[in-house]
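Please walk through the fold described below, moving from the overall chain to the surroundings of a single side chain.

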Amino acid sequence: MIKFRRIGVSLVATAAVAIGASGIASAQGSADVNVSGSSTVEPISSLVVELFAEENPDVSVRVDGPGTGDGFALFCNDEIDIADASRPIDEEEVARCQANG
């Protein structure tokens, strides 16, 4: 059961990064996407980026893993495009994001 959950989380992370990166690059007309957050999720995102890059060579995706809280802070300050997270966003972080638009 635990093994299945880990695989499921990996698949969700894979889909989220790939869809998010392609959507952001298309919507912004940009070839640069920044992902930051969970150090636990970072290795998964990095692997996804490698696969994504094979099919999207014109899109540059940077992945960083300072921690989930740091990723949410960067996201709420509009400094990154995708926040990797190993936990749900908390109410205080939601409020910060809303305050920053």
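Helices (H or I, at least four residues) and strands (E, at least two) are taken here as DSSP runs and are numbered from the N terminus. This is a predicted model, in which local features need pLDDT of at least 70 and side-chain atom pairs count only at pLDDT 80 or more, while totals for chains, interfaces and linings use all residues. Residues are numbered from 1 along each chain as its sequence is written, and side-chain values use heavy atoms, with hydrogens and water left out.

The protein chain contains four helices and three strands, and from the N terminus on these elements follow the order α-β-α-β-α-β-α. Of its 101 residues, 30% are buried, where buried means under 20% relative accessible area, exposed over 50%, and partly exposed in between (1.4 Å probe, protein chains only). Among the contacts with a separation of 6 or more, 66% are made by residues 24 or more positions apart, a contact being heavy atoms within 4.5 Å.

The largest nonpolar core is made up of eight residues, namely V33, V35, V49, F52, V59, V61, V63 and I82; such a core is a set of buried Ala, Val, Leu, Ile, Met, Phe, Trp, Tyr and Cys residues joined through side-chain atoms within 4.5 Å. At least two residues of this core come from each of β1 (32-37), α2 (42-55) and β2 (60-64). In soluble globular proteins, nonpolar side chains tend to be buried together.

Helix α4 deserves a separate look. D90 caps its N-terminal end, with a side-chain oxygen 3.1 Å from the backbone nitrogen of E92; a polar contact is a pair of N or O atoms within 3.5 Å, and within protein one must be able to donate a hydrogen and the other to accept it, while residues adjacent in sequence count only if both atoms are side-chain atoms. Just after α4, G101 adopts a positive phi of about 80 degrees. E93 lies within this helix, which spans residues 91-99, and E93 is buried, with a relative accessible area of 6%. Leaving aside residues up to four places away in sequence, E93 touches G69, F72, C76 and R87.

One of those partners, C76, is joined to C97 by a disulfide with an S to S distance of 1.8 Å, the term denoting a pair of cysteine sulfur atoms within 2.5 Å. The pair links distant parts of the chain, 21 residues apart, with C76 in helix α3 (residues 68-76) and C97 in helix α4. The link of C76 and C97 is left-handed, with -70 degrees about the S-S bond, and both cysteines are buried. A search of the whole structure finds one disulfide.
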